[in-house]
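Open the model in your viewer and keep the selection tool at hand. This tour goes stop by stop, and each stop tells you what to select.

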Amino acid sequence: MSSTYKAVEVSAAGVLRVVERPISEPGPGQVRIRVEACGICHSDAATVTGTYPGLTLPRVPGHEVVGRVDALGSGVSRWKIGQRVGVGLIAGEDGTCEPCRRGDSVNCQNPVVSGVTVDGGYAEMMIAEARGLASIPDELSSAEAAPLLCAGITTYNALRNAGLRGGDLVAVQGIGGLGHLGIQFARHMGFYTVAIGRGGEKEKLAKDLGAQVYIDTAVGDAAALLQSMGGARAVLATAPSGDSMGSLVSGLAVRGKLIVLGVPRDQIHLNASPLVFGGRSVYGSLTGTAIDQEDTLAFSVLENIRPMIETAPLEQAADAYARMMQGKARFRMVLATKDLNHNDHA
Ligand SMILES: NC(=O)c1ccc[n+]([C@@H]2O[C@H](COP(=O)([O-])OP(=O)(O)OC[C@H]3O[C@@H](n4cnc5c(N)ncnc54)[C@H](OP(=O)(O)O)[C@@H]3O)[C@@H](O)[C@H]2O)c1
Ligand SMILES: [Zn+2]
Ligand SMILES: [Zn+2]
């Protein structure tokens, strides 16, 4: 066996390059994973541009990782060699900070963050914390499962934790990696699902994914159109654009919620009136835990939900990343480290 593995690292801000690294052994409580697939999330931009708080370079990005356990560190009993596992963004909590002590580990104040505090999945191998792993069901190929570990869980958790009821009007703004899964989850959870995009190009895709209505903000006022339908009980805002989010509050029903999932660099501007008169609210939601990932994967199998993906070899990570950033991906680029049409290659 080779003593090195291939990885794609951010060597300096804006530079993704292929490197060979020595294979290392997992430490106590860790596993080494032979990566089979890794999705390219828009949040990877915070690593590629070197702007994620606390990040030091070089760093391997990637937090939608599926692979097989290849080596076990001491004290790891839950996972077996050869087992297929997934790793998301928040890939280990400290267990000691206040949110952790209150059982809110996704909001750990000192988390292991894949592709930020540790190297992520743009690589043939990755070392991960055993406590942060999700089990991957056999029904999903590695390339299909990967986007569910961030884009999927983020929209799934936001929807299921929003106190919604069947039949509620839910809008999903931004039809990219997160949004195209958000539309499917919303529809399959039983919500009247409205997709909000800019331009007409994605209307058919959004409807094929399950949206009853498509709003094109290039030709219509999204808030007014939502109000004409009775107002949204929730809007999942996934666009990486703060400017596009604030006005959506006026499209909410009384007590409706604008759930901020995108992390734009620009500000979100808010008008106080619809917040106060009608008790509307704005809050954020951060991905989820490993067990939430398993729930997301199980729901996707149950309802036959799959991400729409385009695969690329690891060596072409820089091009695939650029394609995502240019909004050309339909809808998730996945680095396929191994050929992955099937999940039965042990
Ligand atoms: N909360 C979390 O835990 C979490 C998890 C993952 C990602 N994120 C964040 O969520 C955001 C989306 O990530 P992603 O991976 O889904 O990105 P993506 O695949 O690049 O999709 C973003 C989509 O937003 C659309 N968009 C951009 N500006 C828009 C606007 N003004 N109005 C409507 N749509 C607009 C783009 O479509 P067009 O360009 O075709 O309009 C694009 O398809 C990023 O900011 C990312 O960092 C947050
Ligand atoms: Zn992500
Ligand atoms: Zn903690």
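Select Thr287. Leaving out residues up to four places away in sequence, Thr287 touches Leu89, Ile90, Val106, Leu149, Ile153, Thr154 and Asn157. Contact here means heavy atoms within 4.5 Å. Thr287 sits in the loop between strand S13 (281-284) and H9. Helices (H or I, at least four residues) and strands (E, at least two) are DSSP runs, numbered from the N terminus. Is Thr287 buried or exposed? Thr287 counts as buried, at 5% relative accessibility. Buried means under 20% relative accessible area, exposed over 50%, and partly exposed in between, with a 1.4 Å probe and protein chains only.

A word on the ground rules. This is a predicted model, where local features need pLDDT of at least 70 and side-chain atom pairs count only at pLDDT 80 or more, while totals for chains, interfaces and linings use all residues. Residues are numbered from 1 along each chain as its sequence is written, chains are lettered from A and ligands numbered from 1 in the order in which they are written, and side-chain values use heavy atoms, with hydrogens and water left out.

Next, select H9, residues 290-302. Its 13 residues should span 18 Å at 1.5 Å a residue, and the end C-alpha atoms are 18 Å apart, which agrees. The expected span is 1.5 Å times one less than the number of residues. Colour the buried residues of H9, including Ala290, Leu297 and Phe299. The buried residues of H9 pack against strand S5 (84-87), strand S7 (134-135), helix H3 (142-145), H4 and H5.

Move on to H5, residues 177-188. H5 has 12 residues and reaches 17 Å from first C-alpha to last, close to the 16 Å expected. How many residues of H5 are buried? The count is 10 of the 12, so H5 is largely enclosed by the rest of the structure. Among them are His180, Ile183 and Phe185. Now show what packs against the buried residues of H5: the partners include helix H4 (151-160), strand S8 (169-173), helix H6 (203-208) and H9. H5 is followed by Gly190, whose phi is positive, near 95°.

Select Asp168, in the loop between H4 and S8. Asp168 is buried, with a relative accessible area of 16%. Beyond its neighbours within four places in sequence, Asp168 is in contact with Phe191, Tyr192 and Arg233. A polar atom of the Asp168 side chain lies 2.8 Å from the backbone nitrogen of Arg165.

Select Arg21, in strand S2 (residues 15-22). Arg21 is buried, at 15% relative accessible area. Which side chain does the Arg21 side chain meet in a polar contact? Glu9, at 2.7 Å. A polar contact is a pair of N or O atoms within 3.5 Å; within protein, one must be able to donate a hydrogen and the other to accept it, and residues adjacent in sequence count only if both atoms are side-chain atoms.

Last stop: ligand 1. Of the 26 residues around ligand 1, those that come nearest are His42, Ser43, Arg198, Lys202 and Arg332. A residue counts as around the ligand if one of its heavy atoms lies within 4 Å. Zoom in on Arg198: a polar side-chain atom lies 2.6 Å from an oxygen atom of ligand 1. For Lys202, a side-chain N or O atom is 2.7 Å from a ligand oxygen.
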